[in-house]
Amino acid sequence: MPRRSTAERIDDLHRRREQALTAGGPRGRGEFGARERVERLVDKGSFTETGLFVRARADGSGGRRPHGDGVVTGFGTVDGRRVCVFAQDSTVFGGSMGEAFGEKTVALMDLALKTGCPVVGLNDSGGARIQEGVASLALYAELVRRNVQASGVIPQLSVVLGPCAGGAAYSPAITDFTVMVDGASHMFVTGPDVIEAVTGERATAEELGGARTSNAVNGNAHFLAADEEDALDVVRELLSYLPANNLEPPPEYAPGDAPAGDVLDAVVPDRLGQAYDMREILRAVVDDGELLYVQELFAPNILCALGRVEGRSVGVVANQPLHAAGVLDIDASEKAARFVRFCDAFGIPLLTFADVPGYLSGVRQERGGIIRRGAKLLYAYAEATVPKVTVVVRKAYGGGYAVMGSKHLGADINLAWPSARIAVMGAEGAVGVLHRRELAAADDPVALRARLVAAYERTHGTPYLAAERGYVDAVIAPRDTRDHIRRALAALRGKRAPLPQRRHGNIPL
Ligand SMILES: CCC(=O)SCCNC(=O)CCNC(=O)[C@H](O)C(C)(C)COP(=O)(O)OP(=O)(O)OC[C@H]1O[C@@H](n2cnc3c(N)ncnc32)[C@H](O)[C@@H]1OP(=O)(O)O
């Protein structure tokens with residue numbers, strides 16, 4: 001047989017590439033195919049695919065060996081910054097993970113780790129590829145091992161664009177943030193049919209692990225997108241706040257506009273029990289009033305958001321008095337703890353705004369493990385070494401004071417508004433405990449209670465006892481908050497906080 005010329009070989013390459021690019025079926029499950037999703041995410045023309053000719057072993061998937069094996073992998077840029085991307089292709093074995101598929105994904109993770117760039121996973125998968133048995137299971141474990149090695153080293157973002165079933169759900173669970181599309185994405189370990197067979201319970205896929213369930217009920221997801229385009233927008237926005245890796249600083253932008261601060265003087269109502277929207281305060285502190293809220297629908301009694309002050313990323317944690325008076329319950333503690341740890345891992349300074357009546361009391365919370373699970377937030381703040389600036393806005397009672405970025409957990413600059421009340425508990429509760437006998441014996445217990453409450457408020461219902469001890473560095477006018485934060489962050493830019501050497505801590509899980 002005559003040897004082929006170079007030109008023939010190049011023609012052959014083009015033919016093979018063409019075949020490989022159309023290896024799957026004609027149509028995916030979602031709005032766009034896997035390659036189109038990638039192209040829509042990255043800067044135009046920047047994507048370089050890896051492993052296009054990879055195929056399953058001959059004895060793998062029942063003789064069907066499409067090129068690419070059902071996952072598109074490669075690298076490109078988003079807003080000019082490098083990213084590694086994989087996109088599962090639902091037209092090939094339902095996006096399920098076979099051995100070659102897994103090896104490609106793992107190789108991409110290795111590349112991202114070696115080069116220190118974020119990984120974005122576009123998930124749309126039926127889980128372990130049944131025909132490939134244990135090889136598929138092995139690759140799930142390999143992938144999760146890479147996710148863990150990469151955790152805190154490079155940002156890992158997951159987008160769920162269709163089903164994410166069985167083993168496929170574990171990798172997103174370990175990544176930093178998960179975005180899901182309303183009405184289109186599902187995440188569960190076992191689907192409705194298996195659950196009904198095993199436990200007799202009936203639930204739709206949407207109820208089990210739809211985008212709303214995952215965002216609002218179980219907290220598995222962090223962002224709810226309206227459609228696929230919106231989901232990719234969230235990823236781009238998220239990346240704009242994050243460094244490429246833990247050794248680089250977050251990107252810096254031109255300082256945004258300073259919102260008008262004078263509105264802050266009137267945000268906190270005179271009546272202690274009256275709610276207000278903490279988001280008004282946050283908007284007046286960050287550049288251009290812009291924040292990207294994380295897990296907005298989950299545990300709304302605490303707010304976690306990314307924003308910027310003078311062009312530099314900050315992570316904001318704040319009690320939200322609009323929901324359950326901003327109390328710390330199990331969900332709020334876990335939500336904020338994970339966010340604090342994320343910010344700390346990637347060198348993003350933390351701003352904390354406290355208006356907290358304490359940890360939530362109640363049988364359900366105690367039996368649900370609020371001691372162990374609430375302690376995660378204590379642990380997260382105490383271990384965080386990034387610059388930490390705290391503003392006590394109103395209540396900072398009991399354990400709530402200690403945990404919400406107090407000086408004693410290592411905050412660097414602590415500020416308080418004149419409306420702050422830093423105490424073991426609120427006046428009503430304290431008077432009831434301290435003066436029970438006097439109140440029981442009083443001719444006019446209502447009048448006595450009012451006098452005792454007023455006296456407690458005068459001494460304990462202020463920020464000044466804490467300020468006397470230096471637990472609060474300054475009591476400030478609300479309108480000056482952004483200015484104080486700006487100065488504090490500038491002063492803390494060179495912060496060094498070495499930790500003792502150890503293998504790792506043992507956060508209560
Ligand atoms: C680590 C342990 C695990 O991961 S155990 C979990 C194993 N996976 C599962 O139980 C999920 C099985 N698949 C499903 O429930 C459905 O296919 C889901 C994912 C919900 C998608 O449904 P739908 O969009 O209607 O697609 P479909 O069922 O028509 O499937 C399209 C083609 O993909 C295939 N497929 C699907 N899942 C797998 C899988 N895990 N392994 C191998 N192939 C899979 C289907 O057979 C179907 O193939 P074909 O087009 O008929 O040739």
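# Helix contacts, pockets and cavities in a predicted model

Helix α2 supplies three residues to the lining of the second largest pocket, the largest share from any element. Helices (H or I, at least four residues) and strands (E, at least two) are DSSP runs, numbered from the N terminus. The model is predicted: local features need pLDDT of at least 70 and side-chain atom pairs 80 or more, while totals for chains, interfaces and linings use all residues. Residues are numbered from 1 along each chain as its sequence is written, and side-chain values use heavy atoms, without hydrogens or water.

**The second largest pocket**

This pocket has a volume of about 240 Å³. Its lining counts 21 residues, and Leu-21, Ala-34, Arg-35, Asp-89 and Thr-91 are the closest to the pocket centre. At least two lining residues come from each of α1 (6-21), α2 (34-41) and β2 (71-78). By class, the pocket lining holds eight nonpolar, nine polar and four charged residues. (Ala, Val, Leu, Ile, Met, Phe, Trp, Tyr, Cys and Pro count as nonpolar, Asp, Glu, Lys and Arg as charged, and the others, Gly among them, as polar.)

Pockets and cavities are found on a 1 Å grid over the protein atoms alone: a cavity is a set of points where a 1.4 Å probe fits but cannot get out, a pocket is an open set with protein on both sides within 12 Å along at least five of seven lines, and lining residues have an atom within 4 Å of a point. Points are joined across faces, edges and corners, and volume is the space filled by probe spheres set on them.

**Cavities**

Four cavities of 30 Å³ or more occur in the structure. Val-78, Asp-79, Arg-81, Arg-82, Val-83, Pro-118, Arg-236, Leu-239, Ser-240 and Tyr-253 line the largest cavity. The elements giving two or more residues to this lining are β3 (81-88) and α9 (228-241). Five of the lining residues of the largest cavity are nonpolar, one is polar and four are charged.

**Helix packing**

| Helix pair | Axis distance | Angle |
|---|---|---|
| α3 (99-115) and α4 (133-150) | within 9 Å | roughly 10° |
| α11 (330-345) and α13 (370-383) | 8 Å | about 25° |
| α2 and α9 | 10 Å | about 45° |

Axes are lines fitted to C-alpha atoms over the stretch in contact, with angles from 0 to 180 degrees between N-to-C directions. Angles under 35 degrees count as roughly parallel, over 145 as roughly antiparallel, 65 to 115 as roughly perpendicular and the rest as oblique. Contact means heavy atoms within 4.5 Å.

With axes crossing at roughly 10°, α3 is therefore roughly parallel to α4. In this contact, Glu-99, Gly-102, Glu-103, Thr-105, Val-106, Met-109, Asp-110 and Leu-113 of α3 meet Ala-135, Leu-139, Glu-142, Leu-143, Arg-146, Asn-147, Gln-149 and Ala-150 of α4. The residues of the α3 and α4 contact are seven nonpolar, four polar and five charged.

The angle between α11 and α13 is about 25°, so these two helices are also roughly parallel to each other. From α11, the contact uses Ile-330, Ser-333, Glu-334, Ala-336, Ala-337, Val-340, Arg-341 and Asp-344; from α13 it uses Ile-370, Arg-373, Gly-374, Lys-376, Leu-377, Tyr-379, Ala-380, Tyr-381 and Glu-383. Nine residues of the α11 and α13 contact are nonpolar, two polar and six charged.

At about 45°, α2 is therefore oblique to α9. Arg-37, Arg-40 and Leu-41 of α2 touch Glu-228, Glu-229, Leu-232, Val-235 and Arg-236 of α9. This α2 and α9 contact has three nonpolar, no polar and five charged residues.
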